[in-house]
Amino acid sequence: MPIGPARMPLMEHLGELRMRLVRIVVVLLVAVCVFYLAAGTMGQFLLLPIADFLPTAEDGTVELSFLNAFDPFTVKFKIAFWMSVVATSPIILWQVLAFFLPALKPNERKWFIPTFAAGVALFILGTVFCYLIILHPAFQWLTDQTSDLGEVLPNAANYVDVIIKFEIGFGIAFELPIVIFYLVIFNIVPYSKLRSSWRYVYVGLMVFSAMVTPDANPVTMLLMFAALVALYEASLFISRIVLAKRIKKQQEEELALYGDEDDGE
């Protein structure tokens with residue numbers, strides 16, 4: 001897919017933005033039409049991790065309730081749309097990054113392909129992590145809360161909506177290493193500052209986990225927090241390896257600065 005020149009008039013920038021948005025919309029529309037035809041199968045796949053807590057038919061398929069005649073279409077459309085977002089995420093991310101690429105300096109453009117690959121991989125990793133690790137314990141804890149109050153009547157619209165929010169939330173949250181890496185590589189926040197401020201970062205990650213998870217489930221929040229901490233530490237480790245010379249120079253400058261202050265005292 002072509003990349004625009006670095007310098008363009010405002011109207012040409014807006015034209016390129018429109019072109020890339022049109023591409024994203026067209027790809028999504030085609031994908032939604034395809035996935036809508038398989039929305040039933042995709043819905044069963046989405047519900048598989050929590051099937052133990054839902055009513056099932058004799059053939060093992062999950063049976064949820066619809067409250068009105070409009071819900072089946074709405075639920076199937078949501079499933080098709082979000083499945084399309086995940087499936088076409090490489091194209092969407094490429095179009096977004098390609099629009100901003102001309103603004104980067106030549107020495108910064110070398111990170112374009114690695115950023116694209118890492119962004120897609122981390123988003124998909126987040127959705128897979130949520131699907132395999134998070135959904136079952138999250139819904140188990142939630143359904144256990146009703147044991148002394150009543151019986152859960154699973155509504156298709158609510159269940160599918162919550163699962164999709166979980167998947168998208170974890171997919172976005174797993175982009176954290178890219179944010180941390182570029183904070184360091186563009187010297188917005190020095191590596192030493194991120195390393196020494198880990199307590200504040202952990203608190204921020206805990207708050208972020210509570211905000212992103214769509215329920216008030218402590219199990220979900222703690223699992224996301226643990227995953228984000230691991231990603232944060234991994235991103236710092238990778239940054240230290242890739243930017244070893246710069247980090248060493250920054251540490252030497254800080255040591256010289258603080259050493260001079262100590263000598264003055």
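Ser235 touches Pro177 and Ile180, leaving aside residues up to four places away in sequence; contact here means heavy atoms within 4.5 Å. Ser235 sits in helix α10 and is buried, with a relative accessible area of 3% (buried is under 20%, exposed over 50%, partly exposed in between, with a 1.4 Å probe and protein chains only). This is a predicted model, where local features need pLDDT of at least 70, side-chain atom pairs count only at pLDDT 80 or more, and totals for chains, interfaces and linings use all residues. Numbering runs from 1 along each chain as its sequence is written, and side-chain values use heavy atoms, with hydrogens and water left out.

**The α7/α10 packing**
- Helix α7 (residues 176-185) packs on helix α10 (residues 218-242) at an angle of about 35°, with the axes 9 Å apart (axes are lines fitted to C-alpha atoms over the stretch in contact, and angles run from 0 to 180 degrees between N-to-C directions).
- From α7, the contact uses Leu176, Pro177, Ile180, Phe181 and Val184; α10 brings residues including Leu228, Tyr232, Ser235 and Val242.
- Those contact residues split into ten nonpolar, two polar and no charged (Ala, Val, Leu, Ile, Met, Phe, Trp, Tyr, Cys and Pro are nonpolar, Asp, Glu, Lys and Arg charged, and the others, Gly among them, polar).

**The whole chain**
- There are eleven helices and zero strands (DSSP runs: H or I of at least four residues for helices, E of at least two for strands, numbered from the N terminus).
- Of the chain's 265 residues, 37% count as buried.
- Among contacts with a separation of 6 or more, 76% come from residues 24 or more positions apart.
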